[in-house]
Amino acid sequence: MNTKIRYANLGFLAVTALYTGAWAYFSPKEWHASFPGFGLSWLPQLGPYNEHLAKDAGAMFLALAILTAITLGSVRNTRLVQTTGAVWLVFNVLHLSYHMQHLSMYGTRDQVLNVVTLTLLVLSSAALLVPVIPGRRQGDT
């Protein structure tokens with residue numbers, strides 16, 4: 001993997017975490033009613049609104065956003081990038097696993113969007129575990 005791919009994956013994860021975290025923490029009732037936005041609503045089907053749970057989820061996503069932003073500033077630090085990837089991968093695999101077991105509560109469109117979105121997050125996290133492949137210098141064969 002090269003550093004541009006690292007930047008792209010870290011950027012995707014950071015934006016996701018900041019979007020979800022800020023919304024859940026600072027406007028938890030609206031987040032529960034309207035997440036992921038764009039005219040969709042995926043959380044009410046999973047249970048009643050719980051402010052404590054929503055704010056805790058928001059705080060966790062904001063913490064992930066901070067970790068990911070720090071890693072973006074040190075994208076050549078393989079240990080930091082891989083640690084950040086591992087943290088995200090644990091969360092995203094468990095998150096995807098839960099949703100795969102509860103797809104029946106959604107219509108087909110929302111089932112597909114859940115699987116695609118959460119799988120992209122898993123793949124993006126896993127990609128961060130791949131070390132940077134050193135580029136060839138001019139004159140090398």
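Hi everyone. What you see above is a predicted model, in which local features need pLDDT of at least 70, side-chain atom pairs count only at pLDDT 80 or more, and totals for chains, interfaces and linings use all residues. Residues are numbered from 1 along each chain as its sequence is written, and side-chain values use heavy atoms, with hydrogens and water left out.

Let's begin with the overall picture. The protein has five helices and two strands; these are DSSP runs numbered from the N terminus, with helices being H or I of at least four residues and strands being E of at least two. Starting at the N terminus, the order of the elements is α-α-β-β-α-α-α. The C-alpha trace spans about 60 × 30 × 25 Å along its principal axes. Of the 141 residues, 34% are buried. Here buried means under 20% relative accessible area, exposed means over 50%, and partly exposed is in between, using a 1.4 Å probe and protein chains only.

Now to helix α1. What length should we expect for its 24 residues? At 1.5 Å a residue, they should span 34 Å, and the end C-alpha atoms are 33 Å apart, which agrees. The expected span is 1.5 Å times one less than the number of residues. Buried residues of α1 include Leu10, Leu13 and Trp23. They pack against α2 (28–34), β1 (36–37), α3 (51–72), α4 and α5, where contact means heavy atoms within 4.5 Å.

Next comes α5, residues 108–127. Its 20 residues should span 28 Å at 1.5 Å a residue, and its end C-alpha atoms are 28 Å apart, so expectation and model agree. Asp110, Asn114, Leu118, Leu121, Val122, Ser124 and Ser125 are buried in α5. Seen down the axis, the buried residues fall within an arc of 165°, so they line one face of the helix. That arc is taken from the directions from the helix axis to the C-beta atoms. On the face turned away from the buried side, you'll find the exposed residues Thr108, Arg109 and Leu123. And what covers the buried residues of α5? The cover includes α1 (3–26), β2 (40–41) and α4 (78–100).

Let's stay with α4 and α5 for a moment. Their axes come within 8 Å and cross at roughly 160°; axes are lines fitted to C-alpha atoms, for helices over the stretch in contact, and angles run from 0 to 180 degrees between N-to-C directions. That makes α4 roughly antiparallel to α5, a label for angles over 145 degrees, while under 35 is roughly parallel, 65 to 115 roughly perpendicular and the rest oblique. Among the residues that meet there are Trp88, Leu89 and His95 in α4, and Leu118 and Val122 in α5.

Also in α4 is Thr84. Is Thr84 buried or exposed? At 0% relative accessibility, it counts as buried. Not counting residues up to four places away in sequence, Thr84 touches Leu10, Leu67, Thr68 and Thr71.

Finally, some backbone details. The peptide bond from Phe35 to Pro36 is cis, with omega near 15°, and Pro36 sits in strand β1. In the loop between β1 and β2 you'll find Phe38. Phe38 has a positive phi of about 55° although it is not a glycine, and at 75% relative accessibility it counts as exposed.
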